[in-house]
Amino acid sequence: MSKYLEFPRTDGSPQKWPVDKLDSTPSGGEVNFMLPIPFDDPLSIKWRIQVGREVAKLLGLEDFKEYSLKDFPEGYKFYLHHKGDVVEPRTDPYLYGGSSGRFRSPPEFIRHAYWLLTDDTLNRRNCGCKYCSFSKRQSEISQDLGLNKSVSTPKPPNFIKPKVRPVARPRKHPSMIHSPVNSDRVADLRSSRQFRPGELVWCGLSPVIQGEHEDECIEFWPALVNDFSLKVDVTPREFKEKWSVSQSYLYNIRFLGVFHLSTVPEHCLLPYQAFGPSIKLIERLRAAGDPTLLKDRQRASGIRPKPMEADENQTQLQFTEAATAFALAIQIAAHLVRFWTPTHEYAFFGEVPSTSVQASSLIDNPPVLEIKEPRHEGLWWGAEKIWVDELVRVQSGRAQVHPRGSQLIHRPSPRADGRGVLMRVNAIITVPGSSRDSLRNCKVSGVLYELADEAYEEEISDSSTIMQEMFSSDIVGPSEPNKPPSVLVAPPGSVLTPFSGQGIMSNKFATSETNPFQGGGILPLSLPDPPPGYKFRSIMKPGYEIVLDVAFISGRYYPNLLKHPLLQNTLADVNPDDPRVSQLTALCGLVTGAVNSMECVDWVATRVAMLRQADTTARQDLSQHWTTSINELDPESMDVDIM
């Protein structure tokens, strides 16, 4: 017999409902509207059962599995968001009405529901949900609840039939003006530098900022890379011996939340995704903030964190005076990593045979299809700058990408199915005539790679097997029990296309008559080093690339991260099964990129605009929080990365 939990109080209000998004009229072949979900809808029932069961467990009820919510709290309303193609839009459920905004899943609402049932003061500081506490990622909360979701991994899409074409041939447009290579891109890709101007990083501090309590310890401070320089050290030797010359990079960085610049060596910096403040430290910061400092820039200018190995004479900061500035810094960073925008646009011209793979093999001179599309050389993706031609991590694991092989994608090498997938980016493409602020309208294309064992030798399939695979059916239905999981030939919104490499690019502002681009790329570049004990293996048929929605990018690839001196203590002290280990190995491609991924959602036109918006919004967030007037906090901005 079912038992019900009823809410004795609520923080809900109809003013929080998305009443401005109820119009389902299509625009440009797409829709974007909210559809109210009835009380007796199966999805509504599913949410109430899942939340009720977990809340009853938190309440210590022995028969917790028999409980569900009788209804959502007063003032709450359940919606299904329809967005995208008018024929087959994406649908996502949201629960609106609460003071924190909206909830996107039952696990997100569990802690908030428990708070409503147990706290008659309705003080949001006592709520443990991700939006009220701004202390955890949802994956951490789910793990604490025992929901067996230590990481947030996207659901593998079903097979879809890809559009397949042979390799594109170059086509020179008679009226085009050629563009020179972007110098920043060339410098970043050819250099051994780890970081790029404008990127968000963590800077190690020495000494650390220590408070009275053990967990009041600030070891790293978020900072932006302003510039870099090459340092050359020459060590004299004995007479007639060659002098020793070594080179290293120095970075000029700006600490977030304060007005302090410093120059530090590369080994004092970590990628933003490689670190996060502890839960206990976040809790201390929530209680230690001084909202007056947010508007007092003169006081803020006196807070000067000291980086490792910096030649700076300054007094040691106390935790109490640094806490507010540090909280502001991590809040600015939390907003900045949500932003994205493609950069350096140009026009691409190319051509591909317009027939199918099978037909093209039977026709000597198949007709061609001309291609003209807007492309970009770079992409600001959260904390990082990504360029065409570099290797990036994607969210799908190797087991999700044709584990049994196909016409265009090889089977995984032994033991590779548990590892990540990487893409060498051939192009960053925007859909012509579409809204540029939509993730669905920005694509990345490239060749996929896996990390194979270093001793692996490629097997050569016999021709009969290849021909059988080429003419077999490409369409496979949803996965069934006891069968391999659904995999992606191409994720939703993606398509397999020929490598459109060797096309031509133009730009109306360009004047150069030379064009060294080869497929959007500059001069041929070798792949970066794989992690020790592995080698890169292309999993695609030569001459083809896959096109993904830009949201499938997890971020940059860091092959030598596990050797970083600032991470050695962490790696030595934690259990191999600790989630922090998988989050670090994900940055090296050794596990699926979804374990540690950028979660960009908001398009902002320029990096400068991103920084201004992140700074302004972060100050508003914390001012409202610390003055206890926190009913209007942006729920998305409170998701601080923690390791």
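These legends walk you through a few views of one predicted protein model. Residues are numbered from 1 along each chain as its sequence is written, and side-chain values use heavy atoms, leaving out hydrogens and water. Because this is a predicted model, local features need pLDDT of at least 70 and side-chain atom pairs count only at pLDDT 80 or more, while totals for chains, interfaces and linings use all residues.

View 1. Helices (H or I, at least four residues) and strands (E, at least two) are DSSP runs, numbered from the N terminus. Of the 643 residues, 52% are buried, meaning under 20% relative accessible area with a 1.4 Å probe, protein chains only.

**View 2. Here is the largest nonpolar core, with 97 residues.** Such a core is a set of buried Ala, Val, Leu, Ile, Met, Phe, Trp, Tyr and Cys residues joined through side-chain atoms within 4.5 Å. Look for Leu200, Trp221, Leu285, Trp381, Met423 and Leu561, which touch the most other members. Helix α8 (residues 319–336) gives the largest share, twelve residues. Another core, of 29 residues, lies apart from it and includes Phe64 and Phe103.

**View 3. Helix α8 meets helix α13 (residues 607–626).** Their axes, lines fitted to C-alpha atoms over the stretch in contact, come within 8 Å and cross at roughly 130°, an angle between N-to-C directions on a scale from 0 to 180 degrees. Among the residues that meet are Leu328 and Ile332 in α8, and Leu611 and Trp626 in α13.

Methods
Buried < 20%, exposed > 50% of the residue type's maximum accessible area, 1.4 Å probe, protein only. Contact = heavy atoms within 4.5 Å.
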